[in-house]
Amino acid sequence: MEELTIKRHDSPEDKSLKKEIEHSSPTLDQSFKEILKSPLKVKDTKSQTKETLVFNLNHTWLNSYYDSLILRAGNEDERRNKELNEIYIKYRKAVIGWMIDVGDYFQLDPITTHFAINMLDKIQPNQNFSRLEWQMIAIANILIASKFNENAEDVPNLHTLEEITQQKINNNTLLNYELWILKNISWRIDDVLPINLLSVQKEKMLKNTTEKDHKKVDELFKLAFSFNEKIILNYQFNKFEVIKIAALSLFLAVKNSSYTPEWNKFHEELTQTSTQEIKTFIQTHQELVNTLTNPINEENKKEKTESTT
């Protein structure tokens with residue numbers, strides 16, 4: 001297989017190459033409008049039926065697995081590159097929002113989509129990549145994560161990806177993009193992410209509640225996953241520890257859910273984060289946290305107003 005060489009135009013003096021990329025992508029602002037055009041806008045008509053993650057482990061094995069994730073998360077935090085280049089930051093939200101839509105459209109496990117986004121954060125395309133290269137890298141990340149975390153029959157198929165992107169995709173070219181990405185991330189696909197911890201926390205809570213309360217737990221974690229998705233869209237949260245982000249997602253879900261008691265010792269033990277640690281985090285980064293809760297607060301105010309009229 002011929003190895004892919006992604007064009008990186010690092011030298012401003014290389015005018016011929018710069019002209020070539022400008023021809024293929026006049027401006028990224030204009031080009032990203034094209035990237036976001038897809039049948040994904042009708043994804044809500046496709047019902048989401050897959051569970052986030054199901055563990056067939058007893059208490060001992062589940063606790064052991066969770067402890068190993070916590071340990072790995074701490075080690076990976078130390079080596080994670082948390083600095084993002086300015087151009088990547090500018091387009092990151094639009095691209096990963098599109099990736100989330102693709103994941104939802106194919107009914108991928110949310111962990112799969114988060115793996116793909118985490119790999120994109122490692123690659124960090126910039127202005128030296130054309131619109132087509134940005135899109136191919138995003139697609140290749142989704143496919144790598146899917147092949148790693150999904151059953152074979154659930155991996156997105158090339159034909160549908162072509163329909164979504166409204167362009168012909170050469171299979172060999174796509175495979176070369178995947179290989180290029182894997183080499184650039186040193187084949188590290190399965191970093192421990194906040195959603196990994198949340199998924200196990202959900203299973204641990206289910207095992208500690210009666211069956212009649214399982215629906216409440218499902219609703220609680222649906223909200224926690226929603227907060228975590230908002231967090232992953234905002235690059236400013238990248239600098240924080242994975243354990244803290246998972247705890248914050250669940251804490252906000254508990255505070256904004258009517259299905260569970262107030263945050264208590266059980267939640268502290270579950271997240272391995274004290275109430276004081278979370279409150280200090282929120283107070284220190286109040287403005288940032290408000291970006292996650294403002295829409296919910298407005299909705300709650302509206303519901304209260306309607307209930308009193």
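Start at serine 146, which sits in helix H6, residues 131–149 (helices are DSSP runs of H or I with at least four residues, numbered from the N terminus). This is a predicted model, where local features need pLDDT of at least 70, side-chain atom pairs count only at pLDDT 80 or more, and totals for chains, interfaces and linings use all residues. Residues are numbered from 1 along each chain as its sequence is written, and side-chain values use heavy atoms, with hydrogens and water left out.

Serine 146 counts as buried because its relative accessibility is 0% (buried means under 20% relative accessible area, with a 1.4 Å probe and protein chains only). Leaving aside residues up to four places away in sequence, serine 146 touches Leu108, Thr112, Val155 and Pro156; contact means heavy atoms within 4.5 Å.

Now turn to H11 and helix H13 (residues 275–284), whose axes come within 10 Å and cross at roughly 90 degrees. Axes here are lines fitted to C-alpha atoms over the stretch in contact, with angles from 0 to 180 degrees between N-to-C directions. H11 and H13 are therefore roughly perpendicular to each other, a label for angles of 65 to 115 degrees. From H11, Lys244, Ala247, Leu248 and Phe251 meet Glu277, Ile278, Phe281 and Ile282 of H13.

Definitions and conventions
Helix = DSSP H or I, 4+ residues; strand = E, 2+ residues; numbered from the N terminus. Buried < 20%, exposed > 50% of the residue type's maximum accessible area, 1.4 Å probe, protein only. Parallel < 35°, antiparallel > 145°, perpendicular 65-115°, else oblique.
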